[in-house]
Protein chains: 2
Amino acid sequence: MSAVLLFGIHCHQPVGNFDFVFEKAYEKAYEPFIRAVMDAVDFRFSVHITGALLEWIKENRAEFFDALGRLVSDNRVELQVSGFYEPILAAIPSRDRIEQIEMAKEFVKKEFGAQPRGLWLTERIWDTKILKDLVACGIEYVILDDYHLVCSGLEKEEIKGYYITEDEGKTLFLFPISEELRYLIPFRDVPEVVSFLEKREGFYTIYDDGEKFGIWPGTYSWVYKRGWLKRFLKAVDEGAVKCALFSEVLENTPPTSRVYPPIASYFEMGEWSLPAELAARFHAFVEELKASSRFYELLPFVRGGIWHNFLVKYPEANRMHKRMVWISRKFEEKKVSGSERRFLFKAQCNDAYWHGVFGGLYLPHLRRAVYSNLSRAEDAVLDSHAFFHEDVDCDGKREFLVRKPSYTLWICPHWGGQIKEFTVKDWHYNLVDVLTRRLEHYHIIAHQKERQKAEVASIHEIPRDLKELPEVDSCDRGAFIERLFFEDKRLCLGDEEFVVEDFSSSFVRLRCEKEGFEVKKSYIFEDERVSVLYTVSSSRPFMFETEININPGTPDASIIAGEKRFKASIFKEVRSLKGVIMHSPFFKGELLIKLDKPLRFFAVPIFTLSQSEKGFDEIFQETALIFKWEDSASFLELKIDVEVVHA
Amino acid sequence: MSAVLLFGIHCHQPVGNFDFVFEKAYEKAYEPFIRAVMDAVDFRFSVHITGALLEWIKENRAEFFDALGRLVSDNRVELQVSGFYEPILAAIPSRDRIEQIEMAKEFVKKEFGAQPRGLWLTERIWDTKILKDLVACGIEYVILDDYHLVCSGLEKEEIKGYYITEDEGKTLFLFPISEELRYLIPFRDVPEVVSFLEKREGFYTIYDDGEKFGIWPGTYSWVYKRGWLKRFLKAVDEGAVKCALFSEVLENTPPTSRVYPPIASYFEMGEWSLPAELAARFHAFVEELKASSRFYELLPFVRGGIWHNFLVKYPEANRMHKRMVWISRKFEEKKVSGSERRFLFKAQCNDAYWHGVFGGLYLPHLRRAVYSNLSRAEDAVLDSHAFFHEDVDCDGKREFLVRKPSYTLWICPHWGGQIKEFTVKDWHYNLVDVLTRRLEHYHIIAHQKERQKAEVASIHEIPRDLKELPEVDSCDRGAFIERLFFEDKRLCLGDEEFVVEDFSSSFVRLRCEKEGFEVKKSYIFEDERVSVLYTVSSSRPFMFETEININPGTPDASIIAGEKRFKASIFKEVRSLKGVIMHSPFFKGELLIKLDKPLRFFAVPIFTLSQSEKGFDEIFQETALIFKWEDSASFLELKIDVEVVHA
């Protein structure tokens, strides 16, 4: 007796990733893997490649498609699909879900002549609500985790083969990825894999990131130079590891049983998606269970958060998500279907919307790709002049979405009356694509994390260390955050509710009254300019500042303040200033901020500290441009113009 | 400071419940409650009444509607709806979900002139997949549990007011029921309720079964005779308890925050829906957490099963469910919409499909109502002759569904080739509506359950005791289970896979080969009769028996075996017999089982032991009619006719 292995690699690069990363992943992982297995005729396996990567390979390394095509036509490789640009299927509208899967099927059919029957479940995020759409797309089976089945009332040891699930009488087969195999392949040596299979019978699935075979830390050396893959293929050649394809199993073996998984992903996602404090508590609880050897006994009852909680945890993720959903609905309402929907689909690529062991949301270039594609998509479906007073971010309160020929603004009265999006249309660039610094659970955990040794440390075992907790922000960042300084205290209006006084398509008048003072903030929209008018009055003297967070896209962007020119990523203070100019390679032109009176100016660069597969990353996110009025009187009128100058 | 109470009662009686239960619940709970509160003008609250009960009241106690109508028009009562016949919304097809909610809205509008904005979430089973349908029905808010929010990353103590959730940009408000209030009202005395509210501000929801106010054990005396309700209303009158309606809160207060609940119900459901062994382990784990005072600290990470797991735990529930879904699809395919769909909706009433602290699935009269309504619904949509070879029960394998003028058969090759449904059309009665005895987690737990004392024991605190574990069955019960007896062993084919040899609309030929023997079983369908032909051959001598489980609907049904007549609920053995006749008040006629040779006969009544709100119930479920051939040769041919004789 020996179990049969269902082996698959999932190769993914996010929309917007750097070209050099595509290249490196290709040279270090995808290409050497495929080259190594070409002649190992008994090694039969599955491959899933996501849309942005497929497009990159097609354009840059077409020979890879020939090799893969040969493996497919030799019936050695079975191809799976997902939504073309790798969206979280449960997080995009049903119509987009169907269209992205169909797009992936068409691509695979055209390039490889294959008719995929199976679906790689992006980030293994299962939600029964997607089942009907998958079945409508002709998907017969889905690959997810054994943890999904543990959450469905099965004991981990009994899980094998594949399962059937159902919604409204429509059925779908589920292949669970063995967690043990996920930690064995390729991190432990081949005899451990052989031994795992020898002790079992039936079918076991391992389907994991192709990047684990070459670009995860240490894996290139381990898999290729130190011969892991060669030894593995030898074991296959000698029959110690027997391989099959998913479709063959479907034809020849009935499902093990029926299951109804709850919303779930792999176990680790449960920790990441919880609010920081809870995540740290969860982490400690899991460590405790492991230490007392009760982890697997109690695993069926231990659950973290679900993916959608990232949209609560990170308002930035929610904003991108809700704008994406909103634009998708505009496409539906206006019955626009053409090729511009491709921009929307690109914007649905999952990586920028969340944050686990990879940078994700913390990576400015991934968020930039989302906003850039959203801008292109929106321009395809909306007129250049448009004005909406709607609950775009779905929190039960209405915001303003203002489209002028040169920009799109999203003004949120209930978030301190801030501008939360300022997209320059020509640049397809959101100036306020900024990130708030917050405490993450791994900041808390990093102090106590035990170091583990391993032949090659699995990515989950890389030691992390943090001497002190990073600084966090007291309010949600955006543009036009007001602060008042009284003799005895300081008040920040960044998260306050502003009352809407009046509005039209050319202005929005907001007001915040509190503890004896009143801030009136009016936005005035011109075709190429936004003006902000402040009238601040108080019963006692105050100083005032307004903070405009701008993400120039790179720490090398520059700020011109009077006669000084400095990088956006360094702190600067200027005693008295009537405006600044910002330059960035991402601006096709420049950004002008002009004041009607000279104020003290601070440029405060904001860096975040986030975890990645390599350890901790310090990332430049934005510059807080702060203008401070220090007269300390009881009344202030101030006008600020923000102007986009095209190159 | 003192929090405002959002108070609601949900009054439900399942479709098919005994008339005397409706009457008792009305006399002891609904009526005295409404009578008592009529003049307490400051007590403003919510009411939800489910369809079968609404219909019963309308027909039998119309004066109740007058009283309720007055409270509604005085703006003292806000009405909520659910699916009309109280289905689990996440467990029925989308089109039925919408239609049942619309049906409830229409009823409430017609009878009370009310336009409900809120939905009572049946069994509080939340699944995001229903959100879009609710919004399409104009539902603005839903009432569920605070546990849903704990599962969404909120700390229990911070939960108050109401929340907003979203799917595909459609938003819905969620009012969480306070677990603490659920255990306080009406079980603890009024000062504890007042003290709960005094310590808090904002809004807190209690919405619970109307039956807790009069028919749950001990509550009639406590609530009315011993004056709990009078004291409570006095506290309202004196302003110690302030009340508001859900709609008012929506108008005047914004949601507390945004949440994305996973699939969830109240915490207890998590235990009930797990497989027995896991449920007992879960129970012990929860007890352990409570004993070490870590329950609330870890509650966000502690999760049992989801409701749909009942469909895995109880094949009987799955069969009803999948037949219901299948018939619903036939309505859709055939575009039949008329009033017959009401039978389908009645069959969707949730109670019979699961089992928690109430009898549910264990109650034959509730299952009977499901099958009766399914039979009526199916007759409305399918021809009297029909034959299907489809995967009706959604396990990935096909069964046979055979409709003849007098009966409907469901033959399942992969369940020992058994008949799993034998509905006599004229009687709208499924003879094989039987239940398999299985170990339940509460059997295991009952030995160790600690007794708790309380002013009035809450239903969760009623002591249960069990001297010894009840008998369980080794295979799934149905009609025509074969057993072979060899000198050294006994083989049951009840759960074996039978191969389909051949079939047409008038016969199905099955075969099971195993360990040197072969059982051929053919079903032959005539208009009023089913014949079963056995050909059994083996390389060594054997004895043989076939077991036909029939549920006659009552322990008082009788069996006529030769000259003997006895109750279906007592054990009987007859040495040699060529057939039996079964009588039951639920049969409009009689059931004849005839053999072509005399065999030894056993009538084995089957009782289950299940928990209910009152303790343990022993319930007569069915009679196993066993015919045993004891010649001990190596070949047998046997023919059995099952005939329905109409009165």
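Where is C394(A) found? Keep that question in mind as you load the structure; the tour ends there.

**Before you start**

This is a predicted model, in which local features need pLDDT of at least 70, side-chain atom pairs count only at pLDDT 80 or more, and totals for chains, interfaces and linings use all residues. Residues are numbered from 1 along each chain as its sequence is written, chains are lettered from A and ligands numbered from 1 in the order in which they are written, and side-chain values use heavy atoms, with hydrogens and water left out.

**Stop 1: a helix pair in chain A**

Select residues 315-333 of chain A, helix α16, together with residues 364-381 of chain A, helix α18. Helices here are DSSP runs (H or I, at least four residues), strands are runs of E (at least two), and both are numbered from the N terminus. The two helices pack at an angle of about 20°, with their axes 10 Å apart. Axes are lines fitted to C-alpha atoms, for helices over the stretch in contact, and angles run from 0 to 180 degrees between N-to-C directions. α16(A) and α18(A) are therefore roughly parallel to each other; angles under 35 degrees count as roughly parallel, over 145 as roughly antiparallel, 65 to 115 as roughly perpendicular and the rest as oblique.

Now show side chains. Among the α16(A) residues that meet α18(A) are M320(A), W326(A) and F331(A), and the α18(A) residues they face as a group include Y371(A) and L374(A). Contact means heavy atoms within 4.5 Å.

**Stop 2: a crossed pair**

Move to α1 (residues 19-37) and α2 (residues 51-60) of chain A, whose axes are 11 Å apart at an angle of about 80°. That makes α1(A) roughly perpendicular to α2(A). Select D19(A), F22(A), E23(A), Y26(A) and Y30(A) in α1(A), which meet A52(A), L53(A), W56(A) and I57(A) in α2(A).

Hop to chain B and colour helix α2 there: G51(B), A52(B), L53(B), L54(B), W56(B) and I57(B) are its buried residues. Buried means under 20% relative accessible area, exposed over 50%, and partly exposed in between (1.4 Å probe, protein chains only). The partners of these buried α2(B) residues include β1 (4-11), α1 (19-37) and α4 (94-112) of chain B.

**Stop 3: the core**

Which residues have the most contacts inside the largest nonpolar core? Select F232(A) and F232(B); this core has 313 residues. A nonpolar core is a set of buried Ala, Val, Leu, Ile, Met, Phe, Trp, Tyr and Cys residues joined through side-chain atoms within 4.5 Å. Around F232(A), leaving aside neighbours within four places in sequence, you will find L5(A), F7(A), F43(A), V190(A), V193(A) and V241(A) in contact.

**Stop 4: loops and backbone**

Select S265(A), in the loop between α11 (246-252) and α12 (267-272) of chain A. S265(A) is buried, with a relative accessible area of 7%. Its C-alpha atom is 6.3 Å from that of W126(A), 139 residues apart along the chain.

Most residues other than glycine have a negative phi, and most peptide bonds are trans. The peptide bond from I185(A) to P186(A) is cis, with omega near -5°, and P186(A) sits in the loop between α7 (179-184) and α8 (190-198) of chain A. In chain B, the bond joining I185(B) and P186(B) is also cis, with omega about -5°.

Next, E86(B) is not a glycine, yet has a positive phi of about 60°. At 1% relative accessibility, E86(B) counts as buried.

Finally, select C394(A), in the loop between β10 (386-390) and β11 (399-404) of chain A. C394(A) has a positive phi of about 55°, and at 2% relative accessibility it counts as buried.
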